Amino acid sequence: MKEELLSLVNGAVKRAIELGFDEAAVLSVYRESTMVKFANGEPSIVQSWSSNQMSIYVSKEKRLLGTSAPASSLEEAYRMLANLGRISAKMPPSILYAPLPEPRSVEPLSGLVDRKALEAVSDPSRASEVIVEAVQRRDIESFAGMLQISYSVKALAMNTGNELAEDSTEVQAYVRAFADEGSGQWAYGSRTLDLSKLEEMAETASDLAYRSRRQENISPGKYNILLSPMVAGNLLNYVAWMATGSSVLLGQSIFINKKPGDTVASEKLTLMDVPRQPQLPGSTAFDDEGIPTYNKPIIERGYLKTLLHNTKTAAKLGAKSTGNAGLVFPRVWALSVEPGEMSFEELLEETGNGLVVTNNWYTRLQNYVEGIFSTITRDAAFIVKNGEIVGAARKFRIADTLPNLLRNISSLGKEVYDIYWWEVEIPTRTPYILAKNIGTSKHTA
């Protein structure tokens with residue numbers, strides 16, 4: 001499959017130059033996937049499919065154009081290029097133009113393909129059975145969820161002579177369980193199919209549901225909040241996205257008026273982009289411009305360390321590419337938070353009087369530069385008094401600013417979790433994180 005894709009993208013690059021474009025880069029991603037959907041406490045649907053997505057970047061006289069669409073043949077690629085050719089003359093030169101980079105040596109990243117995951121693309125039954133059996137160990141009423149296992153091949157070609165290919169597997173899963181008023185959810189993402197991790201995910205979801213089945217209202221105000229990896233992953237996805245060069249240039253970042261070396265968070269926080277962490281989905285040896293990736297801190301011990309760039313945002317902001325290219329805008333590959341030293345029980349003790357939030361959704365930014373946000377708690381949230389969980393809280397909002405949240409991080413757990421689902425689109429490895437004096441407000445349906 002690698003050779004077929006390389007032939008396809010090289011043919012598309014050749015055609016782009018024949019059409020008169022100055023530069024061309026073509027990325028094609030082939031994927032085979034199997035998804036098991038769970039509903040009413042059992043597997044309900046099993047779907048399998050394959051797809052091939054092609055992304056094309058071209059330039060002419062510093063005018064930049066790009067498109068992405070399903071395409072598995074040269075004829076389809078030619079049609080995409082013809083459409084770009086028809087509109088190229090109408091485009092003005094781009095302020096973000098930078099020439100495509102010359103080929104560089106890329107060290108392959110091992111461990112991206114897992115044999116068990118590859119086999120489960122054809123037969124996910126054993127993994128499904130593990131989830132069903134584990135989630136039902138608690139006295140719950142029902143559960144829903146999803147297990148998706150994929151095998152992917154990506155190939156990149158550029159008119160500069162760059163030619164790269166890589167294959168990988170990916171596992172993404174989540175379970176949401178229900179018991180009386182309570183519900184609990186947990187998620188998991190990896191390059192490998194680890195049945196014990198799927199079991200742990202399912203058990204966690206059902207345990208959270210069971211323990212939150214009786215709930216009470218809480219008063220809006222400031223609380224010490226222990227953020228689960230699900231919630232920390234969601235909020236840190238926003239922080240990392242704001243650390244891309246494009247977010248800064250577009251005025252959608254809390255880092256607009258910051259420079260590397262400025263304090264932006266508690267000294268307890270180190271947040272890294274980790275494309276060379278092979279266990280995490282998103283890991284890769286090269287970016288969409290063929291530049292080798294490397295692990296790098298975005299925030300290191302509270303200091304802003306690195307903004308994430310492709311060649312275009314780097315040229316505009318006087319920096320160097322960090323190996324984070326999408327063909328037009330930079331991207332974050334995968335995130336890792338440096339763990340702390342506390343057990344969950346010790347984190348509860350430090351929380352004192354506060355809340356544990358295990359899941360959230362509908363995170364919205366009201367002001368990107370100031371980082372004013374709100375997010376709705378989803379599923380189990382627990383009330384902590386004198387360092388112990390004493391009950392479960394009904395739905396409410398966390399309403400504060402991202403800079404305040406980052407500055408008020410006081411402790412981190414020592415155990416990390418790999419989270420990946422629709423509210424944590426950037427795969428994130430993180431522990432529980434305690435942030436103090438965080439604002440909440442009432443949720444109205």
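Author: The side chain of T322 makes a polar contact with the side chain of N324, at 2.7 Å; a polar contact is a pair of N or O atoms within 3.5 Å, where within protein one must be able to donate a hydrogen and the other to accept it, and residues adjacent in sequence count only if both atoms are side-chain atoms. The model is predicted, so local features need pLDDT of at least 70 and side-chain atom pairs count only at pLDDT 80 or more, while totals for chains, interfaces and linings use all residues. Residues are numbered from 1 along each chain as its sequence is written, and side-chain values use heavy atoms, with hydrogens and water left out.

T322 is found in the loop between α8 (311-317) and β12; helices (H or I, at least four residues) and strands (E, at least two) are DSSP runs, numbered from the N terminus. T322 has a relative accessible area of 4% and is therefore buried, the term for under 20% with a 1.4 Å probe, protein chains only. Leaving aside neighbours within four places in sequence, T322 is in contact (heavy atoms within 4.5 Å) with Y294, K296, T306, L307, L308 and H309.

Strand β12 (residues 335-337) pairs with β21 (residues 424-430) in the parallel sense over 2 bridges; pairing requires that DSSP finds at least two bridges between two strands. Within this pair, T428 of β21 is the bridge partner of L335. Both strands belong to an open sheet of 6 strands with mixed pairing, in the order β11-β10-β9-β12-β21-β20. β11 (303-304) and β20 (417-421) stand at the edges with a single partner strand each, so one side of each lacks a neighbour in the sheet.

Methods. Buried < 20%, exposed > 50% of the residue type's maximum accessible area, 1.4 Å probe, protein only.
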